[in-house]
Amino acid sequence: MINYTYAPHPDHNVLPNVSFQEISGGRSFFCGLRYGGFSLHCWDTSNCTVTNTLQPKRVYHSRTVALTNIAVGDSQVCALELATGIARCWRGTGGSSNDNEKVWNDNGVFPSPGKSLRFQAITCGSGFTCGILRNDSRVVCWGLAIADVIQMGFENFSMSSLVAGESHACGLTTTGFLVCTGENGSGQLDVPSSVSNNNSAYEFSDLALGSTFTCGIKRQNGHVACWGKLSQSLINSMIKNISFELIVSGSDFVCGLTTSNLSLMCWSDSGHYGVLPMRMIIPGPCVKPEQCSKCGTYPNSDFLCHYTGDIVRSYHRTTSNYDEPRNSTITTPSTDHNEPTTANNIVTVLNRVGSMNPEIFSLSELATATHSFSLENKIGGGSFGVVYKGKLSDGRDVAIKRGHISSSQTITRMMIKQFQEKESAFDSELVSLSRLNHKHLVSLVGFCQENEERILVYDYMENGSLHNILHDKRNDSVSVINSWRARIKIALDAAKGIEYLHNYAVPPVIHRDIKSSNILLDSDWTARVSDFGLSKLMKRGHRDAVSAKAVGTVGYIDPEYYVLNVLTAKSDVYGLGVVMLELLTGKKAVFKDGEEGLTSVVDYARERRRLLGEGVLDNRVGSPEWINEAEAVEILADTAVRCVKLEGRDRPEISEDLRLLLGNCPKVYEMTLYIN
């Protein structure tokens, strides 16, 4: 049911016997999406008086295509098709400015961006609309010229939420940073230092934008901070020390839902404020009690839901790369990688998606375990950070991967991008490893997340990475690895780990960075796949190709994926093929081949007959000693060459690799079981 209030008159019901699931208002009209999403009504408020009755205009009706995420601007209303994410827009019922008439097409309809773009959320401003794309979280805007300016301001960011004002827009990135762009005549884009702590990640949980100001709810205490024409000093004089659950705004005012009693309080840039004479407003949907067991509920929420459910407290209290931001205008639907930011909330979400509970470590615990992250304890590193060996207080040896920490005090766009990348890798690996359990995957022990620190803790792999064993000259004398039986076993172990990811994990996982440095060896020389920072969870029942920006390591990345940005499970098969070639030749994935300069091991061993020729196999191992071993090496070479075919359709599935290796050389594999 919709209650409509206009000063100085009391509120009254609009279509009192009809249920609505979403409402959104503009300058001179507002719209409501009826429960179910199949009918959209709008009301013109430009000539509203105390005596007349608001009459609805049905803008949209369908029996088959439901809408969601309605957004009203100055003179347009837009919504998304629920199933497809296609944006649809209509001209509003109220009056509009002459400038906004420029945006209408010949039929008098506000333009839509076309069916090729699929959105997860949209928001409307004065004569423009912006949305966040489903596939890559980029922002696309359309309408008046300001739309191009705003879109350009977001072009380097992946966004999780977006809110439009009259001629500017702000949003939170997928790593929690605030970004604002558009017109800045009143300083509405300039967050003062008194309000923000150098634009720290996850500082704000909700945003509201007016014509000349921007406001946000501080996550730490629920207090509202504003800048632009609606200054913080004015805010302090009206609502100082009041905590809010949600805020929304009009052109020159803001309304917020108070935490203390769920009442609606409004204030304006002219200094007027007060509590609206409306009944208690619930801050989120009513859900079944069992859905609230791990996240908490509001006091008296059973009463507010008429004893049909409870209101989840964290529904609007979390904003981060892990979970949907608290935003009354638009929010990004959560995905498998989107969970809450605090350590306790991470465990809550991991429980929700069926993951095992990782341990939560404090920074001081891990500093003690690594002697303050000393160089003596450093055992590896990469783009994400540095890996240290550590010993926990209970005596367990662990590997501790610590993300890079910036030493600069000035926040730059490059630093934000680097933090986003670190956060994305941390999120991906934490969520992936927490739900996976297999003998040939490195086990996650726990994690630490304090301020900017992002640390993952794993079981310690005593014999290090396959890359170091094969290519570090100091390991040439390691006798265990210098046998074909040991190398075949390592190839089989890695293939089994990848097969689990592709065929048995729910949902399936594509690793995207299979390489010898991500194959680790434990004390028994059992190989385990590690580093899931680039992994991608596939939708259940969708194991075909998906569009994804190419990532990986030179020499191992699938050339088809690199060129076409189309990811399939065959991309992991290609990486495994390169690892097999390293095991066979002893060469790095990319190495200097005499006078020919740099070459790849794939090009070096493309032809099978050359691969098995004299001088090509790793001379540290030598020729196979007996007939079954020679046959097994030949089969491994044949499988490796098939795995690195240029086109994915010509490569085998990972299960086929295992069938070829296990089915054709069982005697060799049996002997590898006794390697120690």
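These legends go with close-up views of a predicted model.

**View A. Here's the open sheet built from E13, E14 and E15.** The three strands sit in the order E13-E14-E15, and their pairing is antiparallel. Strand E13 (159-164) and strand E15 (178-182) are the edge strands, so to speak the ones that pair on one side only. From one strand to the next, the twist averages 20°.

**View B. Zoom in on E13 against E14.** Strand E14 covers residues 168-173, runs antiparallel to E13 and is joined to it by five bridges.

**View C. Now for the hairpin of E27 and E28.** Strand E27 (residues 385-391) pairs with E28 in the antiparallel sense, over seven bridges. Glycine 390 has valine 398 of E28 as its bridge partner. Five residues lie between the two strands of the hairpin, and glycine 395 in the turn has a positive phi of about 95°.

**View D. E28 again, this time with E30.** Strand E30 (residues 453-459) runs antiparallel to E28, with five bridges joining them. Strand E28 (residues 397-403) is largely enclosed by the rest of the structure, because five of its seven residues are buried.

How values were computed:
Residues numbered from 1 in each chain as written. Predicted model: local features only at pLDDT ≥ 70, side-chain atom pairs only at ≥ 80, totals over all residues. Heavy atoms only, no water. Pairing = 2+ DSSP bridges. Helix = DSSP H or I, 4+ residues; strand = E, 2+ residues; numbered from the N terminus. Axes fitted to C-alpha atoms, helices over the stretch in contact; angles between N-to-C directions. Buried < 20%, exposed > 50% of the residue type's maximum accessible area, 1.4 Å probe, protein only.
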